[in-house]
Amino acid sequence: MPNVLAILEQRDGTLKKVSHEVLAAARILADGMGGEAHGLLIGGSGVSGDGLGAFGADTVFVAAAEGLERYQPDRYAAVAAAQVGAGDYGAVMVAATAMGKDLAPRVAARTGGALAADATSVSYDGGVVVTRPAYAGKATYTLKLTATPAVVAVRPNAMAPIQADKAGTVQTVAVEAGEGRATTVEMKQPESAALDVAEASVVVAGGRGLKEAEHFTLLEELAAVLGGAVGASRAVVDAGWRPHSEQVGQTGKVVSPSLYFAVGVSGAIQHLAGIRTAGTIVAINKDPDAPIFKAADYGIVGDLFEVLPRLTEEAKKLKEG
Ligand SMILES: Cc1cc2nc3c(=O)[nH]c(=O)nc-3n(C[C@H](O)[C@H](O)[C@H](O)COP(=O)(O)OP(=O)(O)OC[C@H]3O[C@@H](n4cnc5c(N)ncnc54)[C@H](O)[C@@H]3O)c2cc1C
(Lines give C-alpha, C1' and ligand atoms only; values in the text may rest on other atoms or scores of the structure.)
Protein backbone atom coordinates (compact mmCIF):
# COMPACT_ATOMS: atom_id res chain seq x y z
CA MET A 1 0.00 0.00 0.00
CA PRO A 2 1.34 3.45 -0.78
CA ASN A 3 2.49 5.64 2.07
CA VAL A 4 2.14 9.38 2.57
CA LEU A 5 5.06 11.71 3.28
CA ALA A 6 4.59 14.94 5.27
CA ILE A 7 7.40 17.46 4.83
CA LEU A 8 7.85 19.20 8.17
CA GLU A 9 8.94 22.79 8.50
CA GLN A 10 11.35 24.17 11.07
CA ARG A 11 12.75 27.61 11.68
CA ASP A 12 16.04 27.87 13.60
CA GLY A 13 15.64 24.21 14.56
CA THR A 14 12.18 24.70 16.09
CA LEU A 15 9.30 22.88 14.44
CA LYS A 16 6.58 25.18 13.11
CA LYS A 17 3.07 24.58 14.40
CA VAL A 18 1.78 24.03 10.87
CA SER A 19 3.92 20.87 10.64
CA HIS A 20 1.53 19.16 13.05
CA GLU A 21 -1.33 20.03 10.70
CA VAL A 22 0.56 18.67 7.70
CA LEU A 23 1.11 15.43 9.63
CA ALA A 24 -2.63 15.29 10.38
CA ALA A 25 -3.38 15.61 6.65
CA ALA A 26 -0.88 12.83 5.92
CA ARG A 27 -2.55 10.63 8.54
CA ILE A 28 -5.99 11.14 6.95
CA LEU A 29 -4.68 10.13 3.53
CA ALA A 30 -2.55 7.24 4.79
CA ASP A 31 -5.57 5.80 6.59
CA GLY A 32 -7.59 6.17 3.38
CA MET A 33 -4.91 4.47 1.30
CA GLY A 34 -4.22 1.79 3.89
CA GLY A 35 -0.54 2.83 4.07
CA GLU A 36 1.68 4.59 6.60
CA ALA A 37 2.13 8.28 7.37
CA HIS A 38 5.76 9.40 7.37
CA GLY A 39 7.28 12.73 8.31
CA LEU A 40 10.44 14.23 6.81
CA LEU A 41 12.28 16.91 8.76
CA ILE A 42 15.04 18.66 6.82
CA GLY A 43 17.45 20.89 8.71
CA GLY A 44 20.99 21.68 9.79
CA SER A 45 23.27 19.09 11.38
CA GLY A 46 21.94 19.85 14.86
CA VAL A 47 18.25 19.43 14.03
CA SER A 48 16.51 16.87 16.20
CA GLY A 49 13.46 14.71 15.68
CA ASP A 50 12.86 14.25 19.43
CA GLY A 51 9.18 14.05 20.25
CA LEU A 52 8.09 14.20 16.63
CA GLY A 53 6.66 10.70 16.67
CA ALA A 54 3.72 11.88 18.78
CA PHE A 55 1.77 13.70 16.07
CA GLY A 56 0.38 10.96 13.91
CA ALA A 57 3.36 9.71 11.87
CA ASP A 58 4.36 6.04 11.92
CA THR A 59 7.94 7.08 11.18
CA VAL A 60 9.64 10.46 11.08
CA PHE A 61 12.81 10.68 8.98
CA VAL A 62 15.33 13.34 9.92
CA ALA A 63 17.54 14.58 7.09
CA ALA A 64 20.16 16.71 8.81
CA ALA A 65 23.22 18.18 7.13
CA GLU A 66 25.47 21.19 7.16
CA GLY A 67 24.03 23.95 4.98
CA LEU A 68 20.39 22.89 5.40
CA GLU A 69 19.76 25.05 8.49
CA ARG A 70 17.49 27.32 6.50
CA TYR A 71 15.41 26.66 3.41
CA GLN A 72 17.48 26.04 0.29
CA PRO A 73 15.13 25.58 -2.69
CA ASP A 74 17.09 23.07 -4.78
CA ARG A 75 18.68 21.14 -1.94
CA TYR A 76 15.45 20.77 0.06
CA ALA A 77 13.62 19.65 -3.09
CA ALA A 78 16.39 17.15 -3.85
CA VAL A 79 16.26 15.69 -0.31
CA ALA A 80 12.45 15.42 -0.45
CA ALA A 81 12.51 13.85 -3.92
CA ALA A 82 15.18 11.35 -2.79
CA GLN A 83 12.95 10.30 0.11
CA VAL A 84 9.97 9.90 -2.24
CA GLY A 85 12.16 7.81 -4.57
CA ALA A 86 13.35 5.62 -1.71
CA GLY A 87 9.85 4.49 -0.73
CA ASP A 88 6.42 3.79 -2.12
CA TYR A 89 4.67 7.14 -1.76
CA GLY A 90 1.21 7.90 -3.07
CA ALA A 91 1.16 11.47 -1.75
CA VAL A 92 3.38 14.20 -0.31
CA MET A 93 1.96 16.85 2.05
CA VAL A 94 3.59 20.26 2.45
CA ALA A 95 2.38 23.35 4.34
CA ALA A 96 1.15 26.17 2.08
CA THR A 97 3.56 28.60 3.75
CA ALA A 98 6.10 30.78 1.95
CA MET A 99 8.53 27.85 2.06
CA GLY A 100 5.98 25.18 1.20
CA LYS A 101 4.56 27.11 -1.73
CA ASP A 102 8.05 27.26 -3.21
CA LEU A 103 8.94 23.67 -2.36
CA ALA A 104 5.74 21.84 -3.42
CA PRO A 105 5.99 22.49 -7.19
CA ARG A 106 9.69 21.63 -7.15
CA VAL A 107 8.95 18.27 -5.50
CA ALA A 108 6.07 17.61 -7.92
CA ALA A 109 8.33 18.40 -10.90
CA ARG A 110 11.20 16.24 -9.66
CA THR A 111 8.97 13.26 -8.86
CA GLY A 112 6.64 13.54 -11.87
CA GLY A 113 3.69 13.97 -9.52
CA ALA A 114 0.51 16.05 -9.58
CA LEU A 115 0.25 19.29 -7.61
CA ALA A 116 -2.60 20.89 -5.70
CA ALA A 117 -1.90 24.18 -3.92
CA ASP A 118 -3.66 25.72 -0.95
CA ALA A 119 -5.84 22.74 0.02
CA THR A 120 -8.34 23.23 2.82
CA SER A 121 -9.29 19.53 3.07
CA VAL A 122 -7.93 16.20 1.89
CA SER A 123 -9.46 12.76 1.55
CA TYR A 124 -8.93 9.56 -0.38
CA ASP A 125 -11.40 8.10 -2.83
CA GLY A 126 -9.43 5.95 -5.25
CA GLY A 127 -7.21 9.05 -5.71
CA VAL A 128 -6.26 11.99 -3.55
CA VAL A 129 -9.21 14.39 -3.35
CA VAL A 130 -8.62 17.97 -2.20
CA THR A 131 -10.81 21.03 -1.87
CA ARG A 132 -9.35 24.45 -2.44
CA PRO A 133 -10.70 27.97 -2.74
CA ALA A 134 -10.78 29.73 -6.11
CA TYR A 135 -11.56 33.23 -7.35
CA ALA A 136 -10.29 34.89 -4.17
CA GLY A 137 -12.36 32.54 -2.02
CA LYS A 138 -15.71 33.11 -3.75
CA ALA A 139 -15.83 29.50 -4.95
CA THR A 140 -14.46 26.20 -3.71
CA TYR A 141 -13.57 23.42 -6.06
CA THR A 142 -12.74 19.79 -5.63
CA LEU A 143 -9.81 18.17 -7.41
CA LYS A 144 -8.99 14.51 -7.76
CA LEU A 145 -5.30 13.93 -8.35
CA THR A 146 -4.69 10.74 -10.28
CA ALA A 147 -0.92 11.00 -10.94
CA THR A 148 1.37 9.88 -8.14
CA PRO A 149 2.70 11.16 -5.95
CA ALA A 150 -0.05 13.70 -5.34
CA VAL A 151 1.82 16.70 -3.92
CA VAL A 152 -0.55 18.80 -1.82
CA ALA A 153 0.20 22.13 -0.14
CA VAL A 154 -2.12 22.35 2.86
CA ARG A 155 -3.32 25.77 4.01
CA PRO A 156 -2.24 26.63 7.59
CA ASN A 157 -4.99 26.32 10.23
CA ALA A 158 -7.19 24.19 7.95
CA MET A 159 -6.46 20.86 9.74
CA ALA A 160 -6.62 20.01 13.41
CA PRO A 161 -3.35 18.50 14.70
CA ILE A 162 -3.45 14.91 15.97
CA GLN A 163 -2.00 13.68 19.23
CA ALA A 164 -1.39 9.99 18.54
CA ASP A 165 -1.82 7.28 21.21
CA LYS A 166 1.12 5.36 19.87
CA ALA A 167 4.37 7.21 19.23
CA GLY A 168 5.98 6.69 15.84
CA THR A 169 9.68 5.99 15.45
CA VAL A 170 12.28 8.58 14.48
CA GLN A 171 15.08 7.62 12.06
CA THR A 172 17.89 9.62 10.51
CA VAL A 173 18.49 9.45 6.78
CA ALA A 174 21.69 10.19 4.91
CA VAL A 175 21.75 13.39 2.88
CA GLU A 176 23.85 13.65 -0.27
CA ALA A 177 26.13 16.66 -0.35
CA GLY A 178 25.22 19.08 -3.08
CA GLU A 179 25.06 22.62 -4.30
CA GLY A 180 21.83 24.25 -5.35
CA ARG A 181 21.48 26.59 -8.30
CA ALA A 182 19.81 29.01 -5.89
CA THR A 183 21.02 29.51 -2.34
CA THR A 184 19.31 31.38 0.47
CA VAL A 185 21.91 33.78 1.82
CA GLU A 186 19.87 35.62 4.40
CA MET A 187 16.44 35.48 6.01
CA LYS A 188 15.14 38.71 7.45
CA GLN A 189 12.98 38.40 10.51
CA PRO A 190 10.16 40.89 10.97
CA GLU A 191 11.21 43.70 13.29
CA SER A 192 8.91 42.57 16.07
CA ALA A 193 8.76 38.98 17.19
CA ALA A 194 4.95 39.14 16.84
CA LEU A 195 2.96 36.03 16.00
CA ASP A 196 2.43 35.58 12.25
CA VAL A 197 -1.12 36.52 11.31
CA ALA A 198 -1.31 33.52 8.93
CA GLU A 199 -0.46 31.08 11.71
CA ALA A 200 -2.34 32.54 14.66
CA SER A 201 -5.46 30.82 15.92
CA VAL A 202 -6.91 34.18 16.99
CA VAL A 203 -6.59 37.31 14.83
CA VAL A 204 -7.70 40.79 15.86
CA ALA A 205 -7.73 42.84 12.67
CA GLY A 206 -8.27 46.57 12.36
CA GLY A 207 -9.26 48.88 9.55
CA ARG A 208 -9.54 52.56 8.79
CA GLY A 209 -12.17 52.87 11.51
CA LEU A 210 -9.26 52.92 14.00
CA LYS A 211 -8.60 56.48 12.72
CA GLU A 212 -4.84 56.50 13.42
CA ALA A 213 -1.90 54.14 13.85
CA GLU A 214 -1.57 54.75 17.61
CA HIS A 215 -5.07 53.40 18.24
CA PHE A 216 -3.92 49.93 17.21
CA THR A 217 -2.70 49.52 20.80
CA LEU A 218 -6.38 48.77 21.53
CA LEU A 219 -6.17 45.76 19.20
CA GLU A 220 -2.77 44.75 20.54
CA GLU A 221 -4.19 44.62 24.04
CA LEU A 222 -7.08 42.34 23.05
CA ALA A 223 -4.74 40.17 20.94
CA ALA A 224 -2.34 39.85 23.89
CA VAL A 225 -5.12 38.70 26.22
CA LEU A 226 -6.36 36.13 23.69
CA GLY A 227 -2.87 34.98 22.63
CA GLY A 228 -3.56 36.16 19.10
CA ALA A 229 -2.01 38.25 16.34
CA VAL A 230 -2.93 41.68 15.01
CA GLY A 231 -4.12 41.89 11.40
CA ALA A 232 -4.85 44.87 9.18
CA SER A 233 -6.89 45.90 6.17
CA ARG A 234 -5.10 47.16 3.09
CA ALA A 235 -6.32 50.68 3.73
CA VAL A 236 -4.32 50.90 6.95
CA VAL A 237 -1.27 49.18 5.45
CA ASP A 238 -1.34 51.62 2.52
CA ALA A 239 -1.58 54.45 5.05
CA GLY A 240 1.61 53.15 6.68
CA TRP A 241 -0.10 52.44 10.01
CA ARG A 242 0.76 48.72 9.99
CA PRO A 243 3.34 46.55 8.15
CA HIS A 244 2.34 44.65 5.01
CA SER A 245 3.12 41.38 6.83
CA GLU A 246 -0.12 41.95 8.77
CA GLN A 247 -2.35 42.65 5.77
CA VAL A 248 -5.25 40.25 5.39
CA GLY A 249 -6.96 39.74 2.05
CA GLN A 250 -6.52 39.18 -1.63
CA THR A 251 -3.21 41.02 -1.84
CA GLY A 252 -2.25 40.22 1.74
CA LYS A 253 -2.36 36.96 3.67
CA VAL A 254 -5.07 34.35 3.73
CA VAL A 255 -5.79 33.53 7.36
CA SER A 256 -7.73 30.64 8.88
CA PRO A 257 -7.87 31.35 12.62
CA SER A 258 -10.57 29.79 14.73
CA LEU A 259 -11.56 33.31 15.87
CA TYR A 260 -11.31 36.48 13.75
CA PHE A 261 -12.19 39.99 14.90
CA ALA A 262 -12.79 42.61 12.20
CA VAL A 263 -12.70 45.96 13.97
CA GLY A 264 -13.51 49.11 12.00
CA VAL A 265 -13.15 47.09 8.79
CA SER A 266 -15.87 47.64 6.17
CA GLY A 267 -15.62 44.13 4.67
CA ALA A 268 -14.65 44.84 1.05
CA ILE A 269 -14.57 41.66 -1.06
CA GLN A 270 -10.79 41.86 -1.30
CA HIS A 271 -10.62 41.74 2.50
CA LEU A 272 -13.17 38.92 2.76
CA ALA A 273 -11.03 36.90 0.30
CA GLY A 274 -8.52 36.49 3.12
CA ILE A 275 -10.93 35.28 5.80
CA ARG A 276 -13.24 32.81 4.06
CA THR A 277 -11.79 29.87 5.95
CA ALA A 278 -11.77 31.63 9.32
CA GLY A 279 -13.85 29.90 12.00
CA THR A 280 -15.93 32.38 13.98
CA ILE A 281 -15.94 35.96 12.67
CA VAL A 282 -16.82 38.81 15.03
CA ALA A 283 -17.37 42.24 13.46
CA ILE A 284 -17.36 45.56 15.31
CA ASN A 285 -18.53 48.46 13.19
CA LYS A 286 -20.58 51.57 13.82
CA ASP A 287 -22.34 51.24 10.44
CA PRO A 288 -25.12 48.60 10.65
CA ASP A 289 -25.04 48.29 6.83
CA ALA A 290 -21.29 47.55 6.62
CA PRO A 291 -20.79 44.49 4.38
CA ILE A 292 -18.62 42.82 7.04
CA PHE A 293 -21.80 41.96 8.97
CA LYS A 294 -22.90 39.65 6.13
CA ALA A 295 -19.73 37.59 6.61
CA ALA A 296 -19.78 37.74 10.42
CA ASP A 297 -21.11 35.15 12.86
CA TYR A 298 -21.42 37.80 15.57
CA GLY A 299 -21.82 41.50 14.96
CA ILE A 300 -21.55 44.41 17.35
CA VAL A 301 -22.94 47.67 15.97
CA GLY A 302 -21.16 50.35 17.93
CA ASP A 303 -18.22 52.66 18.31
CA LEU A 304 -15.10 50.54 18.51
CA PHE A 305 -13.51 52.99 20.95
CA GLU A 306 -16.23 52.11 23.45
CA VAL A 307 -16.65 48.43 22.57
CA LEU A 308 -13.02 47.30 22.40
CA PRO A 309 -11.85 48.34 25.89
CA ARG A 310 -14.91 46.63 27.39
CA LEU A 311 -14.32 43.50 25.37
CA THR A 312 -10.68 43.38 26.43
CA GLU A 313 -11.71 43.92 30.05
CA GLU A 314 -14.20 41.04 29.91
CA ALA A 315 -11.71 38.78 28.14
CA LYS A 316 -9.17 39.50 30.89
CA LYS A 317 -11.71 38.61 33.59
CA LEU A 318 -12.58 35.34 31.85
CA LYS A 319 -8.92 34.47 31.51
CA GLU A 320 -8.20 35.20 35.13
CA GLY A 321 -11.08 32.87 35.97
C1 LIG B 1 -6.86 44.84 -6.44
C2 LIG B 1 -7.22 45.19 -5.02
C3 LIG B 1 -6.72 44.39 -3.99
C4 LIG B 1 -7.06 44.66 -2.67
N5 LIG B 1 -6.57 43.86 -1.67
C6 LIG B 1 -6.97 44.08 -0.41
C7 LIG B 1 -6.53 43.24 0.66
O8 LIG B 1 -5.74 42.30 0.47
N9 LIG B 1 -6.99 43.48 1.90
C10 LIG B 1 -7.87 44.50 2.18
O11 LIG B 1 -8.24 44.67 3.35
N12 LIG B 1 -8.26 45.33 1.21
C13 LIG B 1 -7.83 45.15 -0.07
N14 LIG B 1 -8.22 46.03 -1.04
C15 LIG B 1 -8.90 47.28 -0.64
C16 LIG B 1 -10.37 47.11 -0.36
O17 LIG B 1 -11.10 47.27 -1.56
C18 LIG B 1 -10.84 48.19 0.64
O19 LIG B 1 -10.54 49.46 0.12
C20 LIG B 1 -10.21 48.07 2.02
O21 LIG B 1 -10.32 46.75 2.50
C22 LIG B 1 -10.92 49.01 2.98
O23 LIG B 1 -10.27 49.00 4.21
P24 LIG B 1 -11.06 49.31 5.55
O25 LIG B 1 -12.18 48.38 5.71
O26 LIG B 1 -10.04 49.40 6.63
O27 LIG B 1 -11.53 50.82 5.31
P28 LIG B 1 -12.97 51.43 5.01
O29 LIG B 1 -13.59 50.78 3.82
O30 LIG B 1 -12.78 52.89 4.97
O31 LIG B 1 -13.85 51.00 6.27
C32 LIG B 1 -13.71 51.55 7.54
C33 LIG B 1 -14.86 51.03 8.37
O34 LIG B 1 -14.68 51.46 9.71
C35 LIG B 1 -15.99 51.76 10.23
N36 LIG B 1 -15.79 52.71 11.33
C37 LIG B 1 -15.36 54.00 11.26
N38 LIG B 1 -15.27 54.53 12.50
C39 LIG B 1 -15.65 53.57 13.37
C40 LIG B 1 -15.79 53.50 14.77
N41 LIG B 1 -15.46 54.54 15.56
N42 LIG B 1 -16.23 52.35 15.34
C43 LIG B 1 -16.55 51.27 14.57
N44 LIG B 1 -16.45 51.28 13.22
C45 LIG B 1 -16.00 52.42 12.62
C46 LIG B 1 -16.75 52.36 9.06
O47 LIG B 1 -18.14 52.22 9.25
C48 LIG B 1 -16.24 51.50 7.91
O49 LIG B 1 -17.07 50.38 7.68
C50 LIG B 1 -7.90 45.77 -2.37
C51 LIG B 1 -8.40 46.54 -3.40
C52 LIG B 1 -8.07 46.26 -4.71
C53 LIG B 1 -8.63 47.12 -5.81
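# Exercises on strands, sheets and helix packing

Tyr124 is a residue of strand E8; strands (E, at least two residues) and helices (H or I, at least four residues) are DSSP runs, numbered from the N terminus. The model is predicted, so local features need pLDDT of at least 70 and side-chain atom pairs count only at pLDDT 80 or more, while totals for chains, interfaces and linings use all residues. Residues are numbered from 1 along each chain as its sequence is written, and side-chain values use heavy atoms, with hydrogens and water left out.

**Exercise 1.** Determine whether Tyr124 is buried, partly exposed or exposed, and list what Tyr124 touches.

Step 1. Buried means under 20% relative accessible area, exposed over 50%, and partly exposed in between (1.4 Å probe, protein chains only). The relative accessibility of Tyr124 is 34%, so Tyr124 counts as partly exposed.

Step 2. Contact means heavy atoms within 4.5 Å. Not counting residues up to four places away in sequence, Tyr124 touches Leu29, Gly32 and Met33.

**Exercise 2.** Describe the open sheet of seven strands and the helices that lie across its strands.

Step 1. The order is E7-E11-E6-E1-E4-E5-E12, with parallel pairing. E7 (114-119) and E12 (169-172) are the edge strands, each pairing on one side only. From one strand to the next, the twist averages 20°.

Step 2. E6 (residues 89-95) and E11 (residues 150-154) run parallel and are joined by five bridges. Ala95 stands opposite Val154 in E11.

Step 3. H1 lies across E1 (3-8), E4, E6 and E11, at about 175° to E1. H3 lies across E1, E6, E7 and E11, at about 160° to E6.

**Exercise 3.** Is His38 buried or exposed?

Step 1. His38 belongs to strand E4 (residues 37-43).

Step 2. The relative accessible area of His38 is 7%, so His38 is buried.

**Exercise 4.** Characterise the packing of H2 against H3.

Step 1. Two packed helices are described by the angle between their axes and the distance between the axes. The axes of H2 (residues 73-86) and H3 (residues 98-111) come within 9 Å and cross at roughly 50°.

Step 2. Angles under 35 degrees count as roughly parallel, over 145 as roughly antiparallel, 65 to 115 as roughly perpendicular and the rest as oblique. H2 and H3 are therefore oblique to each other.

Step 3. Residues in the contact include Tyr76 and Val84 in H2, and Leu103 and Arg106 in H3.

How values were computed
Axes fitted to C-alpha atoms, helices over the stretch in contact; angles between N-to-C directions. Pairing = 2+ DSSP bridges.
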